[in-house]
Amino acid sequence: MSSTNYVILFLRFIVLVLAQVLLCNKIGFLGFINPVIYILFIYWYPIKQNRAVFILISFLLGFTIDVFSDTLAFHTAATVTIAYLRPTIMRFCFGVNFEFQSFKIASVPWIQKITFLALLISIHHLVFFSLEVFSFDNFLLILKKTILVSLASLLLCILFSSLFSVKKE
């Protein structure tokens with residue numbers, strides 16, 4: 001990976017953390033809906049990179065959000081979980097195509113991209129809210145929060161990613 005790619009990754013990390021902490025954490029729609037857009041870093045991370053480094057960077061991403069959001073280690077656990085499960089989710093969404101060197105997420109149909117992003121977001125929120133509530137007696141509350149915040153996050157992530165996508169002509 002070239003030094004330009006490292007700079008782009010670093011800028012994405014910083015911009016997504018700042019957008020999450022300064023904008024999304026302040027939304028509070030209906031009292032509990034705070035969309036999560038920093039998951040886009042995991043979505044955009046290059047496929048053929050060292051997996052241990054990717055999980056470490058995901059840990060740092062979640063830890064940074066936790067520090068600024070004062071949420072114990074909920075974001076860290078959820079982020080590391082989806083970083084660990086990312087190859088399995090990609091295999092589910094894209095088949096074995098993603099394991100080939102020439103695979104690029106930008107070249108797949110938009111429905112597969114949205115499915116991949118939706119699964120990342122849903123798993124993240126399920127882990128996050130399960131840890132936050134920490135009681136399966138309130139399973140319906142966990143499910144309600146997971147579904148509503150996942151929908152808001154997915155919508156915002158799609159808008160955010162389309163804003164910064166490169167258009168092919």
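Mentor: Ser150 touches Ile121, Ser122, His125 and Lys145, leaving out residues up to four places away in sequence; touching here is contact, meaning heavy atoms within 4.5 Å. Before we go on, this is a predicted model, in which local features need pLDDT of at least 70 and side-chain atom pairs count only at pLDDT 80 or more, while totals for chains, interfaces and linings use all residues. Residues are numbered from 1 along each chain as its sequence is written, and side-chain values use heavy atoms, with hydrogens and water left out.

Ser150 itself belongs to helix α6; helices (H or I, at least four residues) and strands (E, at least two) are DSSP runs, numbered from the N terminus. With a relative accessible area of 8%, Ser150 is buried (under 20% is buried, over 50% exposed, and in between partly exposed, with a 1.4 Å probe and protein chains only). A polar atom of the Ser150 side chain lies 2.5 Å from the backbone oxygen of Thr146. That pair is a polar contact: N or O atoms within 3.5 Å, where within protein one must be able to donate a hydrogen and the other to accept it, and residues adjacent in sequence count only if both atoms are side-chain atoms.

Now on to α5. Helix α5 runs over residues 110–133, and its 24 residues should span 34 Å at 1.5 Å a residue; the end C-alpha atoms are 34 Å apart, so the two agree. The expected span is 1.5 Å times one less than the number of residues. Its buried residues are Phe116, Leu117, Leu120, Ile121, His124, His125, Phe128, Phe129 and Val133. As for the spacing, an α-helix has 3.6 residues a turn, so residues three or four places apart point the same way. Covering these buried residues are, among others, α2 (40–44), α4 (74–94) and α6 (139–163).

Next, the rings. The whole structure holds 8 aromatic pairs: rings of Phe, Tyr and Trp (its six-membered ring) with centres within 6.5 Å, stacked if the planes are under 30 degrees apart, edge-to-face if over 60, and tilted for the rest. One of them is Tyr43 with Phe116, a tilted pair at 5.5 Å centre to centre and 35° between the planes. It ties together distant parts of the chain, since Tyr43 is in α2 and Phe116 in α5, 73 residues apart. Both of these residues are buried. Phe74 and Phe128 make an edge-to-face pair, because their centres are 5.9 Å apart and their planes stand at 85°. Phe74 counts as buried at 16% relative accessibility, and so does Phe128 at 8%.

Finally, the cores. A nonpolar core is a set of buried Ala, Val, Leu, Ile, Met, Phe, Trp, Tyr and Cys residues joined through side-chain atoms within 4.5 Å. The largest has 34 residues, and Phe116 and Leu120 have the most contacts inside it. At least two residues of this core come from each of α1 (3–22), α2, α3 (51–69), α4, α5 and α6. Beyond its neighbours within four places in sequence, Phe116 contacts Tyr43, Arg86, Ile89, Met90, Cys93, Phe94 and Ile105. Another core lies apart from the largest one; it has 8 residues, including Phe74, Phe128, Phe129 and Val149.
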